[in-house]
Amino acid sequence: MGYDGTGHEHRGHDHRGRDGESGTRPRRVRVVPGGPVLIEGPIEVEHDGQWVRCDRFVVALCGCRRSGTLPLCDSSHRRAMAGLQRR
Ligand code: FES
């Protein structure tokens, strides 16, 4: 644990915002109804006991469980939603 003079103690993980300023805001997550969970990257996510790293600026995690590339979204949710709209 360290102290960097900003008023925040560091316990081994990074509190910096996407703009590089320390302690300015928490990481944002957006949940798309029927679709993915969008997270500011880069991230590492555990899936089936494996850590998957994604360096994209915004990472889309599958929330519908239809993706062929779990845990990441492959847009399969769009076909499922299009099918629902045709009914
Ligand atoms: S949310 Fe996009 S494929 Fe599941």
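Student: What pattern does the protein chain follow when I read along the sequence?
Tutor: Read that way, the protein chain goes β-β-β-β-β-β-β-α. That comes to one helix and seven strands. Keep in mind that this is a predicted model.

Student: Okay! How much of the protein chain counts as buried?
Tutor: Of its 87 residues, 8% count as buried.

Student: And what about contacts between residues at least 24 apart?
Tutor: Take the contacts between residues at least 6 apart in sequence: 20% of those join residues at least 24 apart.

Student: Let's do sheets. Which strands form the open sheet, and in what order?
Tutor: Three strands form it, in the order S3-S4-S7, and the pairing is antiparallel. Strand S3 (29-31) and S7 stand at the edges with a single partner strand each, so one side of each has no neighbour in the sheet. On average, neighbouring strands here are turned by 20 degrees against each other, ignoring direction.

Student: How many bridges hold S3 and S4 in their pairing?
Tutor: Three bridges, in the antiparallel sense. You can look for Arg-30, which stands opposite Leu-38 in S4.

Student: What does S5 pair with?
Tutor: S5 pairs with strand S6 (residues 50-54), antiparallel again, over five bridges.

Student: Is S5 tucked away or in the open?
Tutor: Largely in the open, because zero of the five residues of strand S5 (residues 43-47) are buried.

Student: What sits between S5 and S6?
Tutor: Their hairpin has two residues between the strands, and Asp-48 there takes a positive phi near 50 degrees. Note that Asp-48 has that positive phi although it is not a glycine.

Student: Is Asp-48 buried or exposed?
Tutor: Asp-48 counts as exposed, because it has 7 C-beta neighbours inside 10 Å, and the cut-off for exposed is 12 or fewer.

Student: Which other residue has a positive phi although it is not a glycine?
Tutor: Arg-65 does, with a phi of about 70 degrees. Arg-65 is in the loop between S7 and H1. It counts as exposed too, because it has 9 C-beta neighbours inside 10 Å.

Student: New topic: cis peptide bonds. Where is the one with omega near -5 degrees?
Tutor: That one runs from Gly-41 to Pro-42. Pro-42 lies in the loop between strand S4 (37-40) and S5.

Student: And which residues does the cis bond with omega about 10 degrees join?
Tutor: Leu-70 and Pro-71. You'll find Pro-71 in the loop between strand S7 (58-61) and H1.

Student: Can we end on the helix? Where is His-77 found?
Tutor: His-77 is in helix H1 (residues 76-86).

Student: Why does His-77 count as buried?
Tutor: Because it has 20 other C-beta atoms within 10 Å, and the cut-off for buried is 20 or more.

Student: What does His-77 touch?
Tutor: Leaving out residues up to four places away in sequence, His-77 touches Gly-34, Gly-35, Pro-36, Cys-64 and Arg-66.

Student: What separates the C-alpha atoms of His-77 and Gly-63?
Tutor: They are 8.6 Å from each other, and the two residues are 14 residues apart along the chain.

Methods. Residues are numbered from 1 along each chain as its sequence is written. This is a predicted model: local features need pLDDT of at least 70, side-chain atom pairs count only at pLDDT 80 or more; totals for chains, interfaces and linings use all residues. Helices (H or I, at least four residues) and strands (E, at least two) are DSSP runs, numbered from the N terminus. Two strands pair if DSSP finds at least two bridges between them. Two residues are in contact if their C-beta atoms, placed from the backbone, lie within 7 Å. Axes are lines fitted to C-alpha atoms, for helices over the stretch in contact, and angles run from 0 to 180 degrees between N-to-C directions.
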